[in-house]
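Have your viewer open and follow along.

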Amino acid sequence: MRNAEPDDVGALPKNLQDWTSGFIELLGTKNVLSSSAFDRAGCFVAEDKGSIVGCVAVTNLPRKNWVVIRYLAAKRALSRVYAVEKLLSRALQYVETRKPEFLRATTPSMQPYVDVYRSFAFKPIRRDFRIAWDLTGTLGSPNKPVEIREVTEKTAAEIAGVLVESIRPYWDWRTEEQGGEEAVARKFQEGIKKGERWLSGSVGKEVVGLTGLIPDYYKAGEARLRGAFVVPEHRGRGYGRTMMSQASGWAKKLGQHKMTVYTFSYLECLAPGALLYLKSGGKIESEYLQLQRA
């Protein structure tokens with residue numbers, strides 16, 4: 001076990017994708033490892049006969065002094081459980097030096113990782129899904145009369161407040177991790193400036209829902225869906241299905257043939273967002289767990 005060197009970090013996205021059969025995807029990993037969330041002092045690798053065969057990373061959440069352990073993985077992990085345990089132990093030793101206010105972990109829902117986390121007193125608290133849509137077929141039509149407008153830099157500040165409202169209460173835990181509602185609103189506006197595309201749906205003068213995507217995010221024709229959201233007082237009226245229909249139709253018009261979203265769910269049942277995505281034709285590609293120490 002040793003700290004990761006720059007060359008090791010550069011190779012990790014492809015290694016993680018291979019070691020987990022695609023559960024840990026390439027682009028998202030590259031983005032994390034090149035962001036301010038990454039702390040190389042908290043990234044460790046396992047080496048066997050001169051080759052990297054495992055890794056783990058302690059990364060920063062946007063909220064100050066909150067951290068998450070991720071990327072615990074190994075090549076042929078079922079035959080290297082001891083190495084996986086040693087990697088997690090080393091990560092936790094580093095966490096102790098940081099004295100964080102909050103710690104959680106995230107892992108693909110696959111063995112041996114789940115059992116290794118459990119053996120270190122971590123308990124699952126949420127599920128995460130990667131859900132994708134094939135946009136090459138016939139798409140459903142909106143079933144609610146909603147006026148659709150694209151969000152611009154000029155209107156982004158106003159719509160950011162609607163987004164903050166529309167993610168309550170299901171995403172309160174993530175808002176807290178992001179540093180609060182002001183931070184979430186600010187990040188939304190920054191995303192618009194960087195090329196995220198968002199639509200608002202209104203009935204009369206009132207915005208009832210939002211949806212957003214990043215065209216060509218993964219590669220040409222493969223978009224990342226930022227989600228579909230409905231303001232709390234308008235839920236249960238079909239606006240979520242309408243915004244999803246708008247998102248998929250819009251993506252198709254922008255030349256996208258696939259759309260992918262990451263979303264959370266509860267341990268015992270599907271959260272409303274995940275249920276909406278599956279009902280609208282999305283298929284689960286991968287499942288993950290968020291865990292906390294008991």
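This is a predicted model: local features need pLDDT of at least 70, side-chain atom pairs count only at pLDDT 80 or more; totals for chains, interfaces and linings use all residues.

**Cysteines**
- Across the whole structure, the search turns up 0 disulfides.
- Cys43 is buried, because its relative accessible area is 0%.
- Cys269 has a relative accessible area of 35%, so this residue is partly exposed.

**Aromatic pairs**
- The structure has 13 aromatic pairs.
- One of them joins Phe44 and Tyr94: the ring centres are 6.1 Å apart and the planes meet at 65°, so this pair is edge-to-face.
- Phe44 belongs to strand β2 (residues 43-48) and Tyr94 to helix α3 (residues 81-98), so their contact ties together parts 50 residues apart in sequence.
- Both Phe44 and Tyr94 are buried.
- Trp198 and Phe229 make a stacked pair, with 6.1 Å from centre to centre and 20° between the planes.
- This pair links distant parts of the chain, with Trp198 in strand β8 (residues 197-203) and Phe229 in strand β10 (residues 222-230), 31 residues apart.
- Trp198 and Phe229 are buried as well.

**An aromatic cluster and charges over rings**
- Trp171, Trp173, Phe264 and Tyr266 come together in one aromatic cluster.
- Arg126 lies over the face of Trp173, 3.8 Å from the ring centre.
- Arg70 places its charged end over the ring of Tyr71, at 5.7 Å from the ring's centre.

How values were computed. Residues are numbered from 1 along each chain as its sequence is written. Side-chain values use heavy atoms; hydrogens and water are left out. A disulfide is a pair of cysteine sulfur atoms within 2.5 Å. Buried means under 20% relative accessible area, exposed over 50%, partly exposed in between (1.4 Å probe, protein chains only). Rings of Phe, Tyr and Trp (its six-membered ring) pair if their centres lie within 6.5 Å; planes under 30 degrees apart count as stacked, over 60 as edge-to-face and the rest as tilted. Helices (H or I, at least four residues) and strands (E, at least two) are DSSP runs, numbered from the N terminus. A charge sits over a ring if NZ of Lys or CZ of Arg is within 6 Å of the ring centre and within 35 degrees of the ring normal.
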